[in-house]
Amino acid sequence: MAGSGAPETGGVDASGLNVVVIAGAWHEIITNGLIAGAERVLDATGATYRVVRVPGSFELPVAAKAALDAGADAVVALGVIIRGGTPHFDFVSSAATDGLTRVALDTGKPVGFGVLTLDDEQQGLDRAGLEGSKEDKGEEAADAAIRTALVLRELRG
């Protein structure tokens, strides 16, 4: 269900990869759709995985770091941040993005980025891989994480 211009997902063998899907608890319908998309890719590629939940997107980086430090080969970070009338959106979006980037660089392991930063709930529903959605960002984030883990494995011999 890749969106216009997005690469096709799937078609790789991720057997032997240990992946942790970490998802925020806010906006449950959208988040559950993202998780389902990630699970479809991980199941199809043969990766071993588990799903853990954190309170929100702000907590994704610290949980991602813990998972990678504990031996995961990759993390898929899923969250939903919807713009409101205060600067909270900007702070949480920046913290999640910057934190997840730092985790990937500090650990040398991939973090699939599936954090949706939205103006309204409908944008999330359109991207969550649900029936009628135009995109599946959970699928895309999982695919990016496993493909990058495989590239890193090859580069490191």
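Visitor: Helices here are DSSP runs of H or I with at least four residues, and strands are runs of E with at least two, numbered from the N terminus; where does Thr-45 lie?

Guide: Thr-45 lies in helix 1. This is a predicted model, in which local features need pLDDT of at least 70 and side-chain atom pairs count only at pLDDT 80 or more, while totals for chains, interfaces and linings use all residues. Residues are numbered from 1 along each chain as its sequence is written, and side-chain values use heavy atoms, with hydrogens and water left out.

Visitor: Is Thr-45 buried or exposed?

Guide: Thr-45 counts as buried because its relative accessibility is 3%, where buried means under 20% relative accessible area, exposed over 50%, and partly exposed in between, with a 1.4 Å probe and protein chains only.

Visitor: And which residues is Thr-45 in contact with?

Guide: Leaving aside neighbours within four places in sequence, Thr-45 is in contact (heavy atoms within 4.5 Å) with Val-12, Asp-13, Ala-14, Ser-15 and Ile-146.

Visitor: Okay, new topic: how do helix 1 and helix 5 cross?

Guide: Their axes come within 6 Å and cross at roughly 40 degrees; axes are lines fitted to C-alpha atoms, for helices over the stretch in contact, and angles run from 0 to 180 degrees between N-to-C directions. Helix 1 is therefore oblique to helix 5, since angles under 35 degrees count as roughly parallel, over 145 as roughly antiparallel, 65 to 115 as roughly perpendicular and the rest as oblique.

Visitor: Which residues make the contact?

Guide: Helix 1 brings Leu-34, Gly-37, Ala-38, Val-41, Leu-42 and Thr-45, and helix 5 brings Lys-137, Gly-138, Glu-139, Ala-142, Asp-143 and Ile-146.

Visitor: What about Asp-143, is that one buried or exposed?

Guide: Asp-143, whose place is in helix 5, is buried, with a relative accessible area of 5%. The C-alpha atoms of Asp-143 and Gly-79 are separated by 16 Å, and these residues are 64 apart along the chain.

Visitor: Now the largest nonpolar core: which members touch the most others?

Guide: A nonpolar core is a set of buried Ala, Val, Leu, Ile, Met, Phe, Trp, Tyr and Cys residues joined through side-chain atoms within 4.5 Å. The largest one has 24 residues, of which Leu-17, Val-19, Leu-42, Val-76, Leu-78 and Ile-146 touch the most other members.

Visitor: Where does the largest share come from?

Guide: Helix 1 supplies that share, with 6 residues of this core. Another core, of 18 residues, lies apart from it and includes Ala-63, Ala-64, Ala-67 and Phe-89.
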